[in-house]
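I am opening a notebook on a structure that is new to me, and I will set down what I looked up, topic by topic.

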Amino acid sequence: EDGFNQAFEIRVPVPVEMRIYDRWGKLIMEAPEYQNDWQAEGSASTSYYYEATFPDDQTCRGWLHVLK
């Protein structure tokens, strides 16, 4: 480990609700106030889909790829 990119981090000044799904659509992580702490422990090296919902109900969606 080099100390970089060890957790999925979203830098915003407000709390966000975070959901992360595997590539088959199974919810694998949900946090009402995400703390930038998801490290994909116990998860495979593959692509994941995320949804970050902000207090104003806007949602940011995208893909992330975990490499181990």
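I began with aromatic pairs, for which rings of Phe, Tyr and Trp (its six-membered ring) pair if their centres lie within 6.5 Å, with planes under 30 degrees apart counted as stacked, over 60 as edge-to-face and the rest as tilted. I note that this is a predicted model, in which local features need pLDDT of at least 70 and side-chain atom pairs count only at pLDDT 80 or more, while totals for chains, interfaces and linings use all residues. I also note that residues are numbered from 1 along each chain as its sequence is written, and that side-chain values use heavy atoms, with hydrogens and water left out.

**Aromatic pairs**

I found five aromatic pairs in the structure. In one of them, the ring centres of tryptophan 38 and tyrosine 48 lie 5.5 Å apart with the planes at 75°, so I recorded the pair as edge-to-face. To place the two residues I used strands and helices as DSSP runs numbered from the N terminus (strands are E, at least two residues; helices are H or I, at least four). This pair links distant parts of the chain, since tryptophan 38 sits in the loop between strand 2 (27-31) and strand 3 (47-53) and tyrosine 48 sits in strand 3, ten residues apart. For exposure I took buried as under 20% relative accessible area, exposed as over 50% and partly exposed as in between, with a 1.4 Å probe and protein chains only. On that scale, tryptophan 38 and tyrosine 48 are both buried.

I then looked at tyrosine 49 and tryptophan 63, another edge-to-face pair, with 5.2 Å from centre to centre and 65° between the planes. Here too distant parts of the chain are linked, tyrosine 49 being in strand 3 and tryptophan 63 in strand 4 (residues 59-65), 14 residues apart. Tyrosine 49 is partly exposed, with a relative accessible area of 22%, whereas tryptophan 63, at 58% relative accessibility, counts as exposed. I also noted a cluster in which ring pairs link Phe8, Tyr34 and Tyr50.

**The sheet**

I counted two strands as paired if DSSP finds at least two bridges between them. Four strands form an open sheet in the order 2-1-3-4, with antiparallel pairing. Strand 2 and strand 4 stand at the edges with a single partner strand each, so one side of each has no neighbour in the sheet. The twist averages 15° from one strand to the next, where axes are lines fitted to C-alpha atoms (for helices over the stretch in contact) and angles run from 0 to 180 degrees between N-to-C directions.

Strand 3 took up much of my reading, and I found that five of its seven residues are buried. Strand 1 (residues 17-21) pairs with strand 3 in the antiparallel sense over five bridges, and methionine 18 has alanine 52 in strand 3 as its bridge partner. Alanine 52 also stands opposite cysteine 60 in strand 4. Seven bridges join strand 3 to strand 4, which run antiparallel. I noted that serine 47 has histidine 65 in strand 4 as its bridge partner, and that tyrosine 50, a member of the ring cluster, stands opposite glycine 62 in strand 4.

**Positive phi in the loops**

Which residues have a positive phi although they are not glycine? Most residues other than glycine have a negative phi, and most peptide bonds are trans. I recorded asparagine 36, with a positive phi of about 55°, in the loop between strand 2 and strand 3. Asparagine 36 is partly exposed, with a relative accessible area of 27%, and its C-alpha atom is separated by 6.0 Å from that of phenylalanine 8, 28 residues apart along the chain.

I also recorded aspartate 57, with a positive phi of about 70°, in the loop between strand 3 and strand 4. The hairpin of these two strands has five residues between the strands, and aspartate 57, at 65% relative accessibility, counts as exposed.
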